[in-house]
Amino acid sequence: MSLIYNIKFTKSSFINIFNDYYSEVKHFARRIRNPLLKILMIILKSIEWGIYHWYKSSIRRFYGVRGNELIFNITKRCNEKCAKCGIWKNPEKDDERLSIDVFIQCLNALKKNLYQVTITGGEPLLFKDEILKIAKEARENNIPVVTVTNGVLSDEIFVQKYGEMKHILVFSIDTLNKEKWKILRGTASYNIVMNNLNIAKKILGKRLQIQTVLAKENKDDINEIVTYCKKNNLKHTIQPYMDFGGHLHPVEKSSNNTSNMPCAARKNIVILQNGDVIKCFDHYRIPYAKLPLGNIKHEDIITILCKRRSIEVSRIMKYCNLPCKNLSCNIPATEFYD
């Protein structure tokens, strides 16, 4: 399906319009086996495309209304040195960071498409004011925000402001063992994080969640974390360990076969801390997607997503079978805000 948008608002060029049309119709035509029907079906498809494309409402659709997750990797900086992650080893310089106003322009351009905005890092709470600005903008457009944090900087003032906007805060907790915590986190932050977790729990209630990255090094700790979450009525999710520069080891592959499941991450829109646009954090493993699709410092996000390569990358990812298919970003949303 193509990107549908209000042409007057986006001021999209003729080339972008043609690429949008050609990419959709070309793949549609390839699926028609009967040569006698091909011309008729292409005509009907062109009419359908034209109706949607020139539809003069504010709606924009890219793989469905409310069908995308906008993921903002707000920084590579971090105040911990987790063994599961190597992002913190290469923090960006100040002049390399994306202006938060540019990201919000991107958010507003996509607001009719989004079921969720996820803010991750590095450690997002190093930039609390920016998170609150994004959260406010998203709330005004009824878009839920999920912020993933290591919990060290999650003070009461921030949580109170964030919680008033009814967004979700996710603490990353990989063990409840104090000694193992030092090994997995690289710091002795157990008491600080658990204290902040209790504060957040009182303020956020069910809008506080816990996420655990599962590796061989902490697989024996999972049951204790699960028990803690059940006792405190907190939602708990488990992410399989992926190689993002860390030095842990993945557990044996699950018996669940996901090879026939289309990759839902192809619908994601990922903005990196420097403004680069990608579809997936593992994009470099896909030869055609090694380079970013564009950069929102220099191009409008709609223009970037209209590019032929953007559409082709999404189509390639549909049949991608990399291990990252087991991550939560590959699970489409099933719930919206109240």
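Two strands are taken to pair if DSSP finds at least two bridges between them. Helices (H or I, at least four residues) and strands (E, at least two) are DSSP runs, numbered from the N terminus. The structure is a predicted model, in which local features need pLDDT of at least 70, side-chain atom pairs count only at pLDDT 80 or more, and totals for chains, interfaces and linings use all residues. Residues are numbered from 1 along each chain as its sequence is written, and side-chain values use heavy atoms, with hydrogens and water left out.

The pLDDT, the predictor's confidence in each residue from 0 to 100, averages 84 over the protein. A score of at least 70 is reached by 83% of the residues. Among the elements, helix α8 (residues 190-204) has the highest mean pLDDT, 98. Helix α1 (residues 7-10) has the lowest, 40. The pLDDT is below 50 over residues 1-11. Beyond near neighbours in sequence, this stretch has 42 contacts in the model, a contact being heavy atoms within 4.5 Å. Residues 56-63 also have pLDDT below 50, with 38 contacts beyond near neighbours in sequence. Where pLDDT is low, the predicted coordinates should not be read in detail.

The protein has eleven helices and eleven strands. Of its 338 residues, 51% are buried. Buried means under 20% relative accessible area, exposed over 50%, and partly exposed in between (1.4 Å probe, protein chains only). Among contacts between residues at least 6 apart in sequence, 73% join residues at least 24 apart. The accessible surface comes to about 17,000 Å², of which 56% belongs to carbon and sulfur atoms. Areas come from the Shrake-Rupley method with a 1.4 Å probe; for residues, only the protein chains shown count as cover.

Nine strands form an open sheet with mixed pairing. Their order is β8-β7-β6-β5-β4-β3-β9-β10-β11. Strands β8 (235-240) and β11 are the edges, each pairing on one side only. Strands of a sheet pair through backbone hydrogen bonds, either parallel or antiparallel. Strand β3 (residues 68-73) pairs with β4 (residues 114-120) in the parallel sense over six bridges. Within this pairing, Asn68 has Leu114 of β4 as its bridge partner. Strand β9 (residues 269-271) pairs with β10 in the antiparallel sense over two bridges. Val270 stands opposite Ile278 in β10.

Strand β3 is largely enclosed by the rest of the structure, because six of its six residues are buried. Asn68, Leu70 and Phe72 point one way from β3. Glu69, Ile71 and Asn73 point the other way.

Two loop residues are also buried. Ala215 lies in the loop between β7 (208-214) and α9 (222-231). Ala215 counts as buried because its relative accessible area is 0%. Leaving aside neighbours within four places in sequence, Ala215 contacts Tyr241, Leu248, His249 and Val251. Asp282 lies in the loop between β10 (276-278) and β11 (294-295). Asp282 is buried because its relative accessibility is 1%. Not counting residues up to four places away in sequence, Asp282 touches Met242, Phe244, Leu322 and Cys324. Asp282 and Asp243 are 39 residues apart in sequence and 9.5 Å apart in space, C-alpha to C-alpha.

At the surface, a nonpolar patch is formed by Leu37, Ile39, Leu40, Met41, Ile43, Leu44, Ile47 and Ile51. Together these residues have about 750 Å² of accessible area. Patches are made of residues with over 30% relative accessible area and no salt bridge; like charges are joined within 9 Å, and nonpolar side chains (Val, Leu, Ile, Met, Phe, Trp, Tyr) within 5 Å. A salt bridge is a side-chain nitrogen of Lys or Arg within 4 Å of a carboxyl oxygen of Asp or Glu. Ile51 lies in helix α3 (residues 35-53). Ile51 counts as exposed because its relative accessibility is 57%.

Most residues other than glycine have a negative phi, and most peptide bonds are trans. Gly122 is in the loop between β4 and α5 (128-140). Asn142 is in the loop between α5 and β5 (145-149) and is partly exposed at 39% relative accessibility. Lys166 is in the loop between α6 (156-164) and β6 (168-172) and is partly exposed at 43% relative accessibility.
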